[in-house]
Amino acid sequence: MKKGILAKKLLALFLVASVSVCANVPAVAIKPGPILSARHSSPTVKNKDQQINGTCWAFAVIAALETYLKKYGLYTGSLSEQQMANLCSHNPSDYGWNNLKHNGNFVAALACLTAGLSPISERDCPYNYNNIGFRRNLLNIQPLFFVDGIENVNKDIDSIKAAVAEYGAVAAIFIVNDTINHAVSIVGWDDSKQSWLVKDSLKNPNNYVWIPYSTQFIEVVCITDVRAFDDNLKRYQHDEYGVTGFYRDKNFAVANMFDFEGNEELESVMVNSSSPDAPISLHLAPVLGDGSPNSDRSTWQHLYSGCVPYDGYFTFSLQNKVQLNRGKYAIIAQMEQAADSSVPRIGCMMPHENLTLGPNTPGKSFILSGNKFCDVTSLSNCNSIYGFSIKAITRQS
């Protein structure tokens, strides 16, 4: 897999999940601690061969998810890398990610998972390296699970060990040479070998290999929270292509405006942030006649208060579900800088390499400036933001 960003085009607003491993509560950030000197999570699980395509990014992420599901007794079958690669592979003239057949990273794969489009069974979409391209019919196949949490793991040895011990595996991208990167799934380690045990989709099936601790990783992620698909749930979002940038400030309030269908209740909210431990609060606000969220805080309904659990995607389950009538509401995320934390950052979708975006239309995402919410498209320093990574998950009443 060559350097560069790879990814995909998802379509927004999708149905998702219930019956959770972690009950839709954000997982606790992985804290390195005393760990065995040797540990293998799944050395007997069949490895898969990507063959001639540069789709290692999909194989690595799916392998990490398969190991997680097996570890927690949720699923022992094989999931489809083909479906993920197809949904994340568009022609350069189409909206979404393109050129994923030969270069990329995990952005598209993680967007596909958190948008509720993957995974499906490999039986429903077996691997065919000659047919890596967008297929609209794959959107009609119901996913098996929805991923509610994905952590960006620190790249030091102890943090990777802690993630593998807790969740069974991580997906990792490492530098091969000046022009090539490659993605694998780490499923174990051995201090006596000073090496990681990895599933490498460029090797023959069933062939696990060892790579040294000195390997230079550029990205490491793990799945932290998964629940089964539930077609009574619906997802509203403005970051369907994934997090490609961050908005930051010492203290801020940003909002996504959604046009809800009605006869539904707000069940949970997914956010992406790279600011662990930063205070965060979520609110529901009415929308004014001009299409902007009401900045009068007395009109806001409090949804959640706490701290960002880790760097990545996480989902806050709301203790008090909110009944939504048909119409427009804003989900507001407020973040503050704690005394011992860095400047807070929240994920957003922005133009990026190999990503084709359509017109940046107003009426989706807003930033509180003074005492008024301003549309990001009207702010010269923020008009490249297409949507904040604030997803509303609702359940049909």
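**Aromatic contacts in a predicted model**

Ring pairs join Y236, F258, F260 and Y329 into a cluster. The model is predicted, so local features need pLDDT of at least 70, side-chain atom pairs count only at pLDDT 80 or more, and totals for chains, interfaces and linings use all residues. Residues are numbered from 1 along each chain as its sequence is written, and side-chain values use heavy atoms, with hydrogens and water left out.

Reader: How many aromatic pairs does the structure hold?
Author: Rings of Phe, Tyr and Trp (its six-membered ring) pair if their centres lie within 6.5 Å; planes under 30 degrees apart count as stacked, over 60 as edge-to-face and the rest as tilted. The number of aromatic pairs in the structure is 16.

Reader: What is the angle between the planes of F174 and F217?
Author: The two rings form an edge-to-face pair, 6.4 Å centre to centre. F174 is in strand 5 and F217 in strand 9 (strands are DSSP runs of E, at least two residues, numbered from the N terminus). Between the planes of F174 and F217 the angle is 85 degrees.

Reader: Are W300 and F373 buried or exposed?
Author: They form a tilted pair, 6.1 Å centre to centre with 40 degrees between the planes. W300 lies in the loop between strand 13 and strand 14 and F373 in strand 20, so the pair ties together parts 73 residues apart in sequence. Buried means under 20% relative accessible area and exposed over 50%, with partly exposed in between (1.4 Å probe, protein chains only). Both W300 and F373 are buried.

Reader: Which residue lies over the face of F246?
Author: A charge sits over a ring if NZ of Lys or CZ of Arg is within 6 Å of the ring centre and within 35 degrees of the ring normal. At 4.3 Å from the ring centre of F246 lies R345.

Definitions and conventions. Helix = DSSP H or I, 4+ residues; strand = E, 2+ residues; numbered from the N terminus.
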